[in-house]
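Please examine the following structure.

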Amino acid sequence: MNRIVMLPILMPLCTAVAMIFFRRRILLHRMLNAAGMAAMLGVSLVLLSNVKAGGILSLQVGGWEAPFGITFVADMLSSIMVVASAFIGFTTALYSLGTIDEKREHYFYYPLLQILMMGINGAFLTGDIFNLYVWFEVMLISSFVLLVLGGRPQQLEGAIKYVTLNLLSSSVFLAAVGILYGTAGTLNMADLAQRIPLLEHRELLSVVAVLFMITFGVKAAMFPLFFWLPASYHTPPVAVSAIFAGLLTKVGVYAIMRFFTTIFVHEEAAFIHQVLLVLSAFTMAVGVLGAVAQYDMRKLLSFHIISQIGYMIFALALQSPLAIAGALFYMIHNIVAKTNLFYLSGIIRRLKGSWDLREIGGIYRFYPMLGLLFLVPALGLAGIPPLSGFWAKFLVIKAGLDSEHYLLVGVALCVSMLTLFSMIKIWNEAFWKDDPLGEGGVEDEAYLKMPGMRKAMIVLPIVILGTVTVVFGLWFDPFFGLADKAALELLDAGEYIDAVLGGKS
Amino acid sequence: MTFLLAVIVGVLYGAGTYLILRRSLVKVIFGLILLGHAANLMIFTVGRLTKGAPAFVPKGTEALVEPFADPLPQALILTAIVIGFGVQAFTIVLFKRTYQSLGTEDLDRMRSTDELPGEKQ
């Protein structure tokens, strides 16, 4: 029964391997990719419902008992994240059908996408820190290749920055793992949570905590470690940017959440929460100020990712159950809304032939429905009720007020205003104002000639994600219930430890 | 021995950090490789060094007897070396392609992705 924990990792692997066997059959690649993602979404939903009904599931790989073997654990947090990632993977599979050119498809675009999903799911499900490192590397190497696939000079230049900074953070991760093993003698997360409070030699624990904060800070694009993100995320095709924007930074946030609520909660690491609070304020502010200054849609959205990460870090650094639940809800809301905005920017580019907001306009006049589809995630991101962002921000700010961090709440609210401002900027420039190129504007020839089926494939993911944003907003309660349960599990590690070490596998 | 290894780890970290701060791509990749080695060696060192006592169960006994060398750090390093090898190989190819396609290996001249709005190449 517990074997289902492995499925979200094994399925993309099998799909990818199967695709490589049929290298020249692109049509098969497309179908396998979409079917694989859909099946993964199904499996992860089953996993979530099992975890919801039966508590935390754990699997000891190869029958080696924890803490000696590698453990995979699906608690509420992990399974929610896996569902979110499979969902984004599925929509990206659809969007890729409409946008990815055949040359990229021939060079293993779809297998890489599957391997990326495997790395992400593995990182969410593993219960072992060294194994987490391995999944991070799986995720990184496939993201490297997806980033440079196509080989345009701009992509290569962005990739240099992305690759260098991420490899640097991996080596910090490795060093932290080594020191932690030397200090605690185990790398199993549950075992660590149990053993760290009882350790005798504690001198190095704060060093380890800081090293982990730095590595995950780089992955999550936290201030001042985010510079690789705006330098690279606008260079690959939109489908790739979108899945990166939705999922990769969130893996970093997930790791921070896991480490600093379950494993490093002892005295020596308590200062980390203070550091995270301060950094979160800077992350929010710097990200949104960067976004306000941009005119390139993708760059604007890339800077927004950073700003939104700030909210999540702020909430999880507060450490109250409400705040952690808020951070998780925020993360899910953001994954959906942000990916959607990237998809939309791709359509706008296709319609008007430019990323630069100053050179385009008048879309609303000819495509009013597209305007509506844009407003859902844009206003959702800014936090307008009744969309999902309102609840996400409400939870974070309520948690901030409860713990009397008034200054930070003030920053969060100001940043929210600026987020709304920059969303309205896209609206005004791309949709509302007259096209600077005159009546009708330039519509991309390639788009007009595109078959209706491919067009539908581009619009469908946007409709799906927009619906989710609305549903999150209108039926807030059941989703909050899940997030709340996940938060309680995180703050009280007892159940997690029992599930992994209690031998009920 | 531990002291010597600690010094070597320190030197590798120092040299690696210096190299990745250089503008030349070739030096950056060397820096990344050195940092990877430094991390591996550090795992080895902080995992406690035990000389001449492999982790084998002696004949006639049921369990390991102290002192024995902990095999886990070595397993970790082995995995990390393999991963590092793959990633570094990719990085070298990427850097070479970048050099070919941009015609420069000076990092200071690669700023088109960080341009501010209004500042054209």
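**Chain B and its helix H1**

Me: How large a share of the contacts in chain B with a separation of 6 or more is between residues 24 or more positions apart?

Reply: Two residues are in contact if their C-beta atoms, placed from the backbone, lie within 7 Å. Among contacts in chain B with a separation of 6 or more, the share from residues 24 or more positions apart is 55%.

Me: On what conventions does the description rest?

Reply: Residues are numbered from 1 along each chain as its sequence is written, while chains are lettered from A and ligands numbered from 1 in the order in which they are written. This is a predicted model, in which local features need pLDDT of at least 70, side-chain atom pairs count only at pLDDT 80 or more, and totals for chains, interfaces and linings use all residues.

Me: What pattern does chain B follow along the sequence?

Reply: Helices (H or I, at least four residues) and strands (E, at least two) are DSSP runs, numbered from the N terminus. Chain B has three helices and zero strands. Its pattern, read along the sequence, is α-α-α.

Me: Which residues of H1(B) are buried?

Reply: A residue is buried if 20 or more other C-beta atoms lie within 10 Å of its own, exposed if 12 or fewer, and partly exposed in between, with C-beta atoms placed from the backbone. In H1(B), the buried residues are Val9(B), Leu12(B) and Gly16(B).

Me: What is included in the cover of the buried residues of H1(B)?

Reply: H1 of chain B comprises residues 2-20. The cover of its buried residues includes, from chain B, helix H2 (25-46).

Conventions. The expected span of a helix is 1.5 Å times one less than its number of residues.
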